[in-house]
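Hello,

I am passing a structure on to you, and I hope you enjoy looking through it. Please open it first, and then read on for what turned up.

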Amino acid sequence: MDEEIDTRKINNSFLRDHNYATEADIISTVEFNPTGELLATGDKGGRVVVFQRERESKNQPHRRGEYNVYSTFQSHEPEFDYLKSLEIEEKINKIRWLPQQNAAYFLLSTNDKTVKLWKVSERDKRPEGYNLKDEDGRIRDPTTITALRVPVLQPMDLMVEATPRRVFSNAHTYHINSISVNSDYETYMSTDDLRINLWNLEITNRSFNIVDIKPTNMEELTEVITAAEFQPNQCNTFVYSSSKGSIRLCDMRASALCDNHSKLFEEPEDPSNRSFFSEIISSISDVKFSHSGRYLITRDYLTVKVWDLNMESKPLETYQVHDYLRSKLCSLYENDCIFDKFECVWNGSDSVIMTGSYNNFFRMFDRNTKRDVTLEASRENSKPRAILKPRKVCVGGKRRKDEISVDSLDFSKKILHTAWHPSENIIAVAATNNLYIFQDKVN
Amino acid sequence: MAGADGDDSLYPIAVLIDELRNEDVQLRLNSIKKLSTIALALGVERTRTELLPFLTDTIYDEDEVLLALAEQLGNFTMLVGGPEYVHCLLPPLESLATVEETVVRDKAVESLRKISQEHSPVDLEVHFEPLVKRLASGDWFTSRTSACGLFSVCYPRVSSTVKAEIRQHFRTLCSDDTPMVRRAAASKLGEFAKVLELDYVKSDIISLFTALASDEQDSVRLLAVEACVSIATLLPQEDLETLVMPTLRQAAEDKSWRVRYMVADKFSELQKAVGPEITKNDLVPAFQNLLKDCEAEVRSAAAKKVKEFCENLPEDSRETIIMTHILPCVKELVSDTSQHVKSALASVIMGLSTILGKDNTVEHLLPLFLAQLKDECPEVRLNIISNLDCVNEVIGIRQLSQSLLPAIVELAEDAKWRVRLAIIEYMPLLAGQLGVEFFDEKLNTLCMAWLIDHVYAIREAATCNLMKLVEKFGAEWAQNTIVPKVLGMANDPNYLHRMTTLFCINALSEACGQDITTKHMLPVVLKMSNDQVANVRFNVAKSLQKIGPVLDSNALQTEVKPVLEKLATDTDMDVKYFAQEAIRVLALA
């Protein structure tokens, strides 16, 4: 596959369209499964929608790979913690798929407090024939029964069911921001603001605390955990990022409690750039291992950085996502946008990085060619087979045709969550309540 | 068998069959549990041709239903027509062996193992072995993990060509792509090794074992430690050094603490499996390292094994090894930074005294016991106190009493009531070992103080403790030392304390006997019937009911009866109720 992002080759389909969008419809997470055959989204209303990629068909070649709704279910409900007088939102913070173990699919979904393991499975047969009822459901006279009938399974229309298999609760005092499945396929971790817990996927009543950064005196709190992830191939390694812009790598082999990191990735601050906002914008909102496990990407407010696991002192590459906002930090602070948590993703071959921005723009950076592009997820260019045009934001006074001025950016339209198919050039982009899927043009 | 016309006996069976698909899980579960009744009514023919095909496809159900089904099918041989037809049970069990829920899969495998014994050698090769192969090469890892548990049951009973195939399948699964399958294979490695010919153990199993023990996944490597125990028992002593020990040494020094933990946890089994010579040369230094491990979890696991390891050392060199190699490490653990390590050690350290004998105990162990008795963590002190009996046999408890007493007093006054509760439970044991004199002098006050603890559970345990002490020291001792104090509390301004008097009397009357009960306790109880607190009054009624059987009939009639009759007309409902209840039970009406 051609790995360079050629926007002329991308067409798309537009899947979730709520004309009467409410707060509950805002998509809060997007995730492909390990084969890319399924795509799951979670929203603020606690729902999970699973899309399945249509199988290729000969008579409609252009329909290749369209994702259609496969199953929708309510994963979390709003709750109330009576002891602490706190409302627990139903919003799905993260979804992670498990590697497939039988014909059914499994995913973990989490809100602020509770992680759930869901099974999504198909059923295409149903039993028929009763002894005490006839075909229409009328009760038979018991005295007329002269022989026993064993029910027989008959084919029926395909039904997709979602069933909750496990509920992992009561282990987090603070809000869960990440979950990550270990490569041993036996454990996963859940991370809140101050602690990381390790769970066995089969055991719900016990978890082990592996990181705890809570100071004894909460007034001394200076740093929180913002995201955490397992290394994709080594079962004993994980990283977690912090609000101070550092990333810690821990080795679970060394000790049961990983309070002491084995590596600390941190870039020294440039004193000339220091301002009131320095600390806020250096907070890391997302961290992701590359598929190879060699690199990390981190997203802070203005940049995406690539780190080599073998170099702790500074990032290998730094990409500006929307540097034109540097002069606008004051107003972004006032409207709280500066606290937005943008996520970032790798493409299947670790050569391209994607992350979101404002005004329904999202950015892609090609690590090999060093080319970058700004694309827009919007209704106008989301007609089937339409081609995405690169967009440009201009900073100066003169605005060329096709350019958009910084001052006219819409900060309420933000792209926080994106996902990249594990092997193909298909991307899923969540723009508030809409999900856009774009893919390489066929032929 | 199905009758011809309107058979009444069919109705209950018809209900059972219909409820196999009822919406209520409980009803489905009930039906599945009576599957044998259904099969019996259908007869062997219809069970084979209709019921089993239906069950093969019902894998969509809840786990508990599937679990019950998997279990039932293991006992179904006679219901399908005996061993000749037992292979009909394979399809439903095969589909159950691929579900995602581990308990269901394990149960299906267990049933498959069971019915494999009922297959004739021919059927085993024609029906059972192909099933194992299908599972072993299944697309999903659930089926491949299930296959791992089936090799060992069919291997001994098949021809040598099939045996070779089975070995090949097992080899493939040991290097499966997914860690789950490798884990399943590693956990069955020992079991499979047991049924293999010794030559194949040496050629096949050892190489698989070595590979699994150096797997990239920690969770696989740690299972290889378990396999190590079974493999080591199978091999002749002279082969152990070359075939097993390199891997075991490597595991004991693994980079991952979880693997080292597993070695520590299995240390006694490993020790028995490799025999005394290797223990002396290899395991002793390995054990020393585990006791000094940098991870507290590993040290705890090793500390727990100290006694067992020492006991199993070869007799001729036991004392030297302990004194020169083990004891120095143990000494360090006494002042470990982790309280879990210290408390694990405290639970076994006393056991060393029987192994080392009197002189060594006094010289070397006693200082450690004393140090642990002064430990800041209550659990450590409790663990020492709870094992005092081991030391008592060797050197007598008097040696310890100087330090024991402050430790007990401190625990008795610990701020956590669970700690206080734990020490109370050891009081009778301590009293027995320390003797009545020491007890009266030092511990009696403590026991009385617990009676007025502000936590009910402590007061309750304290009364129970008094009863056990009286059983030990006798009624006379009770009359002189504890009865006056208990009865004195009847005048306490706090009604909870007054009630404690009653609870104590309930517990003590029997142990103290008729004389003391009638002369000393009864008057106090009767006097309390005028208490202004209703709770006290109805407890008087309950107490009278309790001590009634100890009293003679004269006292019952002349003293107890009038008081109960008065209480039976009390203004409080509960007092009335318990008084009437007492009158009824004591037959005083």
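Let me begin with a term that comes up again and again below: a residue counts as buried under 20% relative accessible area, as exposed over 50%, and as partly exposed in between. Please also keep in mind that this is a predicted model.

With that cut-off in hand, let us take A:Y185. Its relative accessible area is 30%, so A:Y185 is partly exposed. You will find A:Y185 in the loop between β12 (176–181) and β13 (187–192) of chain A. The backbone deserves a look as well: A:Y185 is not a glycine, yet its phi is positive, at about 60 degrees. Most residues other than glycine have a negative phi. A second case is A:T432, another residue other than glycine, with a positive phi near 40 degrees. This one sits in the loop between β31 (426–431) and β32 (434–440) of chain A. With 28% relative accessibility, A:T432 counts as partly exposed.

Next, a sheet in chain A. In which order do the strands of the open sheet of 4 strands follow one another? The order is β2-β3-β4-β5, and the pairing is antiparallel. At the edges are β2 (27–32) and β5 (67–74) of chain A, each of which pairs on one side only. On average, and ignoring direction, neighbouring strands of this sheet are turned by 20 degrees against each other. Between them, strand β3 (residues 38–43) and strand β4 (residues 47–53) of chain A run antiparallel and are joined by 5 bridges. If you want to see one of the partners, go to A:T41, whose bridge partner in β4(A) is A:V49.

Now to the charged pairs. How many salt bridges does the structure hold over all chains? The count is 62. Here are some of them that you could pick out on screen.

The pair A:K94 and A:E343 forms a salt bridge whose closest N and O atoms are 3.7 Å apart. This pair links distant parts of the chain, 249 residues apart: A:K94 belongs to strand β8 (residues 94–97) of chain A, and A:E343 to the loop between α2 (329–334) and β24 (344–346) of chain A. Are these two buried or exposed? A:K94 has 9% relative accessibility and so counts as buried. A:E343, at 7%, counts as buried too.

A:R126 and A:E128 also meet through their side chains in a salt bridge, at 3.5 Å from N to O. A:R126 is partly exposed, with a relative accessible area of 41%, and A:E128 is partly exposed at 34% relative accessibility.

In chain B, B:K280 forms a salt bridge with B:D316, and the closest N and O atoms are 4.0 Å apart. Here again the pair links distant parts of the chain: B:K280 is in helix α17 (residues 267–291) of chain B and B:D316 in helix α20 (residues 315–334) of chain B, 36 residues apart. B:K280 has a relative accessible area of 26% and is partly exposed, whereas B:D316, at 65%, counts as exposed. There is also a network built from salt bridges that share partners, joining A:K119, A:R165, A:R166, B:D63, B:E100 and B:E101.

A:F276 lies in the loop between β19 (263–265) and α1 (278–282) of chain A. Its relative accessible area is 60%, so A:F276 is exposed.

A:I284 gives a contrasting picture. It is placed in the loop between α1 and β20 (286–289) of chain A, and with a relative accessible area of 3% A:I284 is buried. From A:I284 to A:V304 there are 20 residues in sequence and 9.4 Å in space, C-alpha to C-alpha.

Finally, a note from a record. UniProt, in an unreviewed entry, places the feature "domain: Phosphatase 2A Regulatory Subunit A helical" at residues 89–270 of chain B. In the model, this span is 79% helix and 0% strand, and its end C-alpha atoms lie 39 Å apart.

Methods. Residues numbered from 1 in each chain as written. Chains lettered and ligands numbered in written order. Predicted model: local features only at pLDDT ≥ 70, side-chain atom pairs only at ≥ 80, totals over all residues. Heavy atoms only, no water. UniProt positions renumbered as here; feature names shortened; annotations may be inferred. Helix = DSSP H or I, 4+ residues; strand = E, 2+ residues; numbered from the N terminus. Buried < 20%, exposed > 50% of the residue type's maximum accessible area, 1.4 Å probe, protein only. Pairing = 2+ DSSP bridges. Axes fitted to C-alpha atoms, helices over the stretch in contact; angles between N-to-C directions.
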